Amino acid sequence: MKYFKSKFIFLLCLWWWGWGLILFLSSSGNFGENKIVFCPVGQGDATILLTKGAVMLVDGGPDESVLSCLRQHVPWWRRRIDFLVLTHADSDHYSGLKSVLRQYQVDNLLLPLQGDANGNFAEFYQLVWQKRRQENLSMWLPVHAQKWCLGQNLCCQIISQHHFYSPENIWQDEYHYKKLFSLITENNQYTVNKNNGSIVLNCNLIDKKIILTGDIETDAELSLLGDDLLTKVDILKVAHHGSKSSSSWNFLQKVKPEHSTIMCGQNNRYGHPHQIVLARLHAVGSHVWRTDINGQVVFSYQPRSGWHVTSQY
């Protein structure tokens with residue numbers, strides 16, 4: 001009897017030790033590392049920024065592919081995203097976020113000021129409101145020069161032009177939620193180009209400067225040129241998947257990125273990225289990465305060895 005009791009205790013201890021080891025490896029491995037991850041989600045955008053114990057996601061791609069990217073870089077036991085940004089309301093940016101909202105707790109959500117009144121975006125917006133009621137999600141609207149930080153190493157600032165008066169009670173109840181949805185859809189009706197309403201972010205991670213451009217096109221790029229917040233950067237998320245309507249020469253001359261990442265699908269029907277955009281990027285001396293060719297692109301920082309760039313299909 002003593003033998004079986006001792007064996008049971010030994011197996012129980014072994015089981016607890018195994019789980020403890022798994023948790024230790026999950027928490028002390030890649031999570032906590034400073035990273036910028038450009039996820040291969042096909043013809044769409046999804047970018048993860050990670051720092052010590054914090055996760056930020058910018059856009060979610062066209063489908064659930066973003067979930068596999070999150071699982072690769074965020075431990076399975078951490079079901080929380082500290083800051084989520086939707087740059088603009090195109091389905092190749094917000095559709096994947098519906099799955100994210102269903103499977104992760106989100107602490108903060110930054111929404112654009114435009115959106116279609118169609119069923120898909122309305123479904124996404126209704127899901128946002130449910131999360132707001134159930135989990136006390138903090139919701140934000142874009143304001144030029146608005147800034148936030150996650151930990152000591154990651155800070156982001158809105159550099160695109162957004163002017164909106166937000167009363168304190170705008171998120172308090174369903175009445176204000178419906179009023180805001182009406183405002184967003186009306187903005188979409190009266191705006192010629194929804195892409196140019198994209199939220200553009202300047203982010204700093206350790207000593208790297210990153211600009212995330214959504215789908216802005218030439219007009220929006222030119223409007224940023226006189227802004228002191230637009231400076232030379234280390235990493236550019238190329239606007240609008242490498243469309244020829246974006247990445248103007250004057251804009252690229254101003255930001256002069258060391259690295260540029262184009263997020264687009266293989267053999268996409270739009271012909272992204274356009275050859276003239278690739279030529280401009282090479283002309284300013286930028287190393288070009290493409291999710292359709294390179295797959296997942298990761299910029300990671302190690303204190304002893306500095307920054308490394310890797311790609312994996």
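The following paragraphs lead through a predicted model, from its sheet to its helices and then to a few single residues. Local features were taken only where pLDDT is at least 70 and side-chain atom pairs only at pLDDT 80 or more, while totals for chains, interfaces and linings use all residues. Residues are numbered from 1 along each chain as its sequence is written, and side-chain values use heavy atoms, with hydrogens and water left out.

Helices (H or I, at least four residues) and strands (E, at least two) are DSSP runs, numbered from the N terminus. Strands of a sheet pair through backbone hydrogen bonds, either parallel or antiparallel. Here two strands are said to pair if DSSP finds at least two bridges between them.

Eight strands form an open sheet with mixed pairing, in the order β6-β5-β4-β3-β2-β1-β14-β15. Because β6 (138-140) and β15 (306-312) stand at the edges with a single partner strand each, one side of each has no neighbour in the sheet. On average, neighbouring strands of this sheet are turned by 15° against each other, direction ignored. Within the sheet, β1 (residues 34-38) and β2 (residues 47-51) run antiparallel and are joined by four bridges. Phe38 stands opposite Thr47 of β2.

Two helices may now be placed against these strands. Angles run from 0 to 180 degrees between N-to-C directions, the axes being lines fitted to C-alpha atoms, for helices over the stretch in contact; contact means heavy atoms within 4.5 Å. Helix α2 (residues 65-73) lies across β1, β2, β3 (54-58), β4 (80-85), β14 (296-302) and β15, at about 20° to β14. Helix α3 (residues 91-103) lies across β3, β4 and β5 (105-110), and runs at about 150° to β4.

Ser95 belongs to helix α3. With a relative accessibility of 16%, Ser95 counts as buried, a word that means under 20% relative accessible area, whereas exposed means over 50% and partly exposed lies in between (1.4 Å probe, protein chains only). The side chain of Ser95 reaches the backbone oxygen of Ser91 at 2.9 Å. Apart from neighbours within four places in sequence, Ser95 is in contact with Gly61, Pro62 and Asp63.

Asn136, in the loop between α4 (119-135) and β6, has a positive phi of about 55° although it is not a glycine. Asn136 is exposed, at 56% relative accessibility. Ser247 also has a positive phi, near 55°, and lies in the loop between β11 (235-237) and α7 (249-255). Ser247 is buried, with a relative accessible area of 2%. Finally, the peptide bond from His272 to Pro273 is cis, with omega near -5°.

Methods: Polar contact = N/O pair within 3.5 Å; in protein donor to acceptor, adjacent residues only side chain to side chain.
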